[in-house]
Amino acid sequence: MAAIHMKRLVKRYGDTEVIPSLDLEIRDQEFMVFVGPSGCGKSTLLRIVAGLEPVDGGELYIGDERVNDVPPSRRDIAMVFQDYALYPHMSVYDNMAFGLEMRRTPRAEIDRRVKRAAELLRIEQYLKRRPGALSGGQRQRVAMGRAMVRNPKVFLFDEPLSNLDAKLRTEVRTEIKALSQELKTTMIFVTHDQVEAMTMADRIVVLDKGVIQQVGTPDQVYGEPANQFVASFIGSPTMNFFDAAVDGGTLRLKGGAILPVPQRLQQVLARDGANQVVVGIRPEHLQVGPPGGEGIAIKLSVVEPLGSDTLLYFNCDDGRHVARVPPDFKAKAGDSATLMLPREKLHLFRSSDGAALR
């Protein structure tokens with residue numbers, strides 16, 4: 001088992017700096033998820049840990065060992081890729097055993113490890129099959145089993161669920177989470193899917209353009225986003241944002257609606273001195289009622305019933321917004337309604353740089 005320390009890591013491709021001076025500590029036995037949009041540097045960072053990409057500055061430690069110049073074969077890591085990378089002419093058993101055979105592991109030990117991994121991943125009945133006879137989810141379990149049998153210090157997952165359909169993604173996601181709890185090994189998981197990040201991680205690293213925007217538990221990055229980027233990326237549907245002017249103890253929205261400044265933020269606003277802010281609120285925190293009530297008058301543009309709840313889309317302040325309401329809220333496109341923004345649920349961000357005010 002091993003903690004991972006990144007100190008002022010820098011990665012360049014030619015003149016392009018994709019990771020500028022990054023610092024991060026991943027704890028021993030922690031399940032850490034790197035999340036962010038395409039091109040944010042999350043897979044590059046994972047490949048640096050694996051030794052597949054050299055660093056151009058800074059230091060990388062796995063455990064107490066500095067591994068900047070240590071080749072991948074000597075880092076004691078195992079990696080599961082987006083594509084399964086299985087040998088098509090070998091059985092499932094042989095695919096899982098191959099790496100151990102190359103290390104001249106005793107046959108009895110190979111057999112014990114392969115069967116134990118197959119049992120944990122529920123693929124015992126497929127050990128004699130070849131990959132071509134398996135479903136996508138079963139192949140990904142084999143790829144995970146091949147990594148497991150090595151008993152590495154660190155597991156690395158590079159978007160391993162991207163090729164699976166929605167049902168299989170959920171199943172394999174649950175298997176990986178259960179696996180982390182069983183093995184108690186340091187794991188790094190890369191994804192662009194914030195739902196995967198929220199449901200699997202002990203802590204989440206939100207990246208944008210190679211820069212860490214926030215590190216925290218799922219509750220922290222969801223409930224206390226460090227800036228507007230994190231608030232917009234974490235959460236589905238995304239947080240709603242309204243431009244507002246600060247007018248004494250009130251917030252004047254672009255459309256003319258006036259909201260009281262939340263009491264917990266009054267001193268923050270006074271200290272910051274911001275005149276323009278962005279008001280954020282999660283879709284599930286918006287309150288939507290019948291027309292004519294006290295609040296902001298809106299007209300619904302799209303209604304999406306999801307069974308467990310319903311999404312209501314509406315235009316307000318020159319932008320499209322969304323509210324999540326219970327499934328028994330009956331509405332259709334074109335209906336009028338009243339919108340209320342509970343002030344205790346509001347987030348405020350500085351207009352100039354998007355930083356959260358708290």
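The model is predicted: local features need pLDDT of at least 70, side-chain atom pairs count only at pLDDT 80 or more, and totals for chains, interfaces and linings use all residues. Residues are numbered from 1 along each chain as its sequence is written, and side-chain values use heavy atoms, with hydrogens and water left out.

**Thr-338**
- Strand S19 (residues 336–340) contains Thr-338; strands (E, at least two residues) and helices (H or I, at least four) are DSSP runs, numbered from the N terminus.
- Thr-338 is buried, at 3% relative accessible area (buried means under 20%, with a 1.4 Å probe, protein chains only).

**Six-stranded sheet**
- The sheet is open, with mixed pairing and the order S6-S7-S8-S3-S9-S10.
- S6 (77–80) and S10 are its edge strands, each pairing on one side only; two strands pair if DSSP finds at least two bridges between them.

**Strand pairs**
- S7 (residues 154–158) and S8 (residues 186–191) run parallel, joined by five bridges.
- Phe-155 has Met-187 in S8 as its bridge partner.
- S9 (residues 203–208) and S10 (residues 211–216) run antiparallel, also with five bridges.
- Val-206 is partnered by Gln-214 in S10.
- Two residues separate S9 and S10 in a hairpin, and Lys-209 in the turn has a positive phi of about 55°.

How values were computed
Buried means under 20% relative accessible area, exposed over 50%, partly exposed in between (1.4 Å probe, protein chains only).
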